[in-house]
Amino acid sequence: MTEEIKSQILAIRQTGVTNMFDIIKVKEIAELMEFTELAEFLPENKAEYVNFILTGK
């Protein structure tokens, strides 16, 4: 996971719009916010994403 993707995840979390474990909604928000890297990353890397949400690593 790149630093850019981490920053995009944190930006979405700051909006407070969705539960960050709702990966489908997070992907939709990423697309709306034009976070292409994150939108492309999520479908193939769900476990890595959840690990980042839980641990920050």
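Q: Which side chain does the side chain of Gln 8 make a polar contact with?
A: That would be the side chain of Glu 37, at 2.8 Å. Keep in mind that this is a predicted model.

Q: Ok, and which backbone nitrogen lies 3.1 Å from a polar atom of the Gln 8 side chain?
A: The backbone nitrogen of Leu 38.

Q: What does Gln 8 touch, if we skip residues up to four places away in sequence?
A: Phe 35, Glu 37 and Leu 38.

Q: Is Gln 8 buried or exposed?
A: Buried: its relative accessible area is 5%, and the cut-off for buried is under 20%.

Q: Which helix is Gln 8 found in?
A: Helix H1, which covers residues 3–15.

Q: Switching to the whole chain: how many helices and strands?
A: Four helices and zero strands. Along the sequence the pattern reads α-α-α-α.

Q: What's the radius of gyration like against a compact globule?
A: The protein chain has 10 Å, which agrees with the value near 10 Å for a compact globule of 57 residues. The C-alpha trace spans about 25 × 20 × 20 Å along its principal axes.

Q: And how much of the chain counts as buried?
A: 32% of the 57 residues. The chain exposes about 3800 Å², with carbon and sulfur atoms supplying 52% of that.

Q: Last one, charges: how many positive and negative side chains?
A: There are 6 positive and 10 negative, and the centres of the two sets lie 8 Å apart.

Note on methods. Residues are numbered from 1 along each chain as its sequence is written. This is a predicted model: local features need pLDDT of at least 70, side-chain atom pairs count only at pLDDT 80 or more; totals for chains, interfaces and linings use all residues. Side-chain values use heavy atoms; hydrogens and water are left out. Helices (H or I, at least four residues) and strands (E, at least two) are DSSP runs, numbered from the N terminus. The radius of gyration is taken over C-alpha atoms; the globule rule is 2.2 Å times the number of residues to the power 0.38. Buried means under 20% relative accessible area, exposed over 50%, partly exposed in between (1.4 Å probe, protein chains only). Accessible areas come from the Shrake-Rupley method with a 1.4 Å probe; for residues, only the protein chains shown count as cover. Lys and Arg count as positive and Asp and Glu as negative; His and the chain ends are not counted. The place of a charge is taken as NZ of Lys, CZ of Arg, CG of Asp or CD of Glu. A polar contact is a pair of N or O atoms within 3.5 Å; within protein, one must be able to donate a hydrogen and the other to accept it, and residues adjacent in sequence count only if both atoms are side-chain atoms. Contact means heavy atoms within 4.5 Å.
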